[in-house]
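I opened my notebook to get to know a new structure. Come along as I look things up.

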Amino acid sequence: MNYAIIAAGEGSRLAQEGVNEPKPLVKVQNEYLIDRLIRVFMDNDAEKITIICNNLTTKVSQHLLKLEEDGLNGRPVPLNFIVKTTPSSMHSFFELSKLLDEKPFVMTTVDTIFKAEEFKEYISDFRECINSGYDGLMGVTDYIDDEKPLYVGTDNELNVTGFFDKNENGCKYISGGIYGLNAKSLDTLNDCMERGESRMRNFQRGLIRDGRKLKAFSFSKVMDIDHAEDIVKAEQFLGQYAQVLK
């Protein structure tokens, strides 16, 4: 399984609120955000993990170099990363796409928080979807704690019917920022870039425009770390989850 992580954002809102570390190196439950994703991906048969980080600080790239050399807690990581500042998440995806193989892949942003056990189920369903002729499996959630959520339209079988900035169609879900896609999706990405579009939500709308067959997978809760208070919320969420597992 191939994985990709967009970690090129500036984290400006966190910095304004007194969080001095770049977002990938923010800790939740004493683990860097980027390390948590890598660990979860490694637990789900990662053959290759491709990451983009920005060049506004060397802290993240130095950390990735150390992971490349020493592994994660001594565990070798099949890591491939680039350092480049981009104007949007979709531009970051475009840079990552140059390093992706012609294989299905799963991509997230670096601050995406979810239950690891649900992600395992997601990966299993993603494999089934690709084998059944779908172009992608989009991670969604009915937990809404986002300033500008992207609403996801679905039918009774969780086929994706559209992506909307406003919930004018009675959508139950929003995008969780977890994208499982086949290589055909990169054609849509290239078309979006040629159109001068940006932001991942425009790429997702492009998938619908191009007739890509997408299904939704419902996570009970997906969080982003955009503000300092979100770190506290993530600590509480994962702490409660850990207690349930015990």
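My entries below cover a pocket, a strand and some salt bridges.

**Entry 1: the model**
I noted at the start that this is a predicted model.

**Entry 2: the largest pocket**
I looked up the volume of the largest pocket and found about 1400 Å³. Its lining is made of 47 residues, and the closest to the centre are R13, T109, D111, D224 and D226. The largest share, five residues, comes from β10.

**Entry 3: strand β1**
Is β1 enclosed or open to the outside? Six of its six residues are buried, so β1 is largely enclosed by the rest of the structure. I then checked the directions: N2, A4 and I6 point one way, while Y3, I5 and A7 point the other way, and all are buried.

I looked for the neighbours of β1 too. With β4 (residues 48-53), β1 pairs in the parallel sense over six bridges, and there A4 stands opposite T50. With β6 (residues 105-109), β1 also pairs in the parallel sense, over five bridges. Here N2 has F105 as its bridge partner.

**Entry 4: salt bridges**
Side chains of opposite charge can pair when their charged atoms come close. I counted 19 salt bridges.

I picked D226 and K23, whose side chains meet at 3.5 Å, N to O. This pair links distant parts of the chain, 203 residues apart: D226 is in the loop between β11 (214-219) and α8, and K23 is in the loop between α1 and β2 (27-28). D226 is buried, with a relative accessible area of 16%, and K23 is buried with a relative accessible area of 16%.

My next pick was K103 with E47, a salt bridge of 3.6 Å, N to O. K103 lies in the loop between α4 and β6, and E47 in the loop between α2 (33-42) and β4, so the pair ties together parts that are 56 residues apart in sequence. K103 is partly exposed, at 40% relative accessible area.

I also looked up K98 and E95, which meet at 3.1 Å, N to O. K98 is exposed, with a relative accessible area of 52%, whereas E95 is buried at 13%.

Technical notes. Residues numbered from 1 in each chain as written. Predicted model: local features only at pLDDT ≥ 70, side-chain atom pairs only at ≥ 80, totals over all residues. Heavy atoms only, no water. 1 Å grid on protein atoms, 1.4 Å probe; cavity = no way out; pocket = protein on both sides within 12 Å on 5 of 7 lines; lining within 4 Å. Points joined across faces, edges and corners; volume = space filled by probe spheres on them. Helix = DSSP H or I, 4+ residues; strand = E, 2+ residues; numbered from the N terminus. Buried < 20%, exposed > 50% of the residue type's maximum accessible area, 1.4 Å probe, protein only. Pairing = 2+ DSSP bridges. Salt bridge = Lys/Arg side-chain N within 4 Å of Asp/Glu carboxyl O.
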